[in-house]
Amino acid sequence: MINEYGNQLIAAGRQQAAYEQYKRTVRIAPELAVAWNNLGVACAALGKYGEAEAAYNRAVRIRDDYALARYNLGVAYDNQGKYDAAIEQYQKAIELDPGLLDVRKHPQVASNRHLAAVLVKSYLDRGGSVLLPVESALPPPPSRKKPGS
């Protein structure tokens, strides 16, 4: 309940009050990865990027497959100029949950300056090529209709 109260406070723009509630939550339930992620969000909103990084790291230590916490950890690294570490976390997050790229659900990804690098790296890691596509000057072959179509 305390974590949910923090969520209401953060939604209302009361980051400091939310921060206090998330701190209470992690003291009571230190194995609740969601609370650590939320604490990181409040820290980042207050400009406490080092503390946000520590909270997100705790969340992913508790739950290695926590895609949103990994994405947020990438943002924390990004805000501190740790770009290689940021890209690594973005890539892991997207591998865990490709839905994080849906700007309708997560509009913050639209302004992420490193996602293109992450996507290209992921594509190359899977054996893709960065050569530009080519196009034929020949007309396309005629389509074959099946008899009776």
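On the face of helix α1 turned away from its buried side lie the exposed residues Q8 and A11, exposed denoting over 50% relative accessible area, buried under 20% and partly exposed the range in between (1.4 Å probe, protein chains only). Helices (H or I, at least four residues) are DSSP runs numbered from the N terminus. The model is predicted, so that local features need pLDDT of at least 70 and side-chain atom pairs count only at pLDDT 80 or more, whereas totals for chains, interfaces and linings use all residues. Residues are numbered from 1 along each chain as its sequence is written, and side-chain values use heavy atoms, with hydrogens and water left out.

Within α1 (residues 2–11), the buried residues are N3, G6 and L9. Viewed down the helix axis, these buried residues fall within an arc of 115° and therefore line one face of α1, the arc being that of the directions from the axis to the C-beta atoms. Their cover includes α2 (15–28) and α3 (33–45), contact meaning heavy atoms within 4.5 Å. Just after α1, G13 adopts a positive phi of about 80°.

The axes of α4 (residues 49–62) and α5 (residues 67–79) come within 9 Å and cross at roughly 155°, axes being lines fitted to C-alpha atoms, for helices over the stretch in contact, with angles from 0 to 180 degrees between N-to-C directions. The two helices α4 and α5 are therefore roughly antiparallel, a term applied to angles over 145 degrees. Their contact is made by Y49, E53, Y56, N57, A59 and V60 of α4 and by A69, R70, N72, L73, A76, Y77 and N79 of α5.

Technical notes: Angles under 35 degrees count as roughly parallel, over 145 as roughly antiparallel, 65 to 115 as roughly perpendicular and the rest as oblique.
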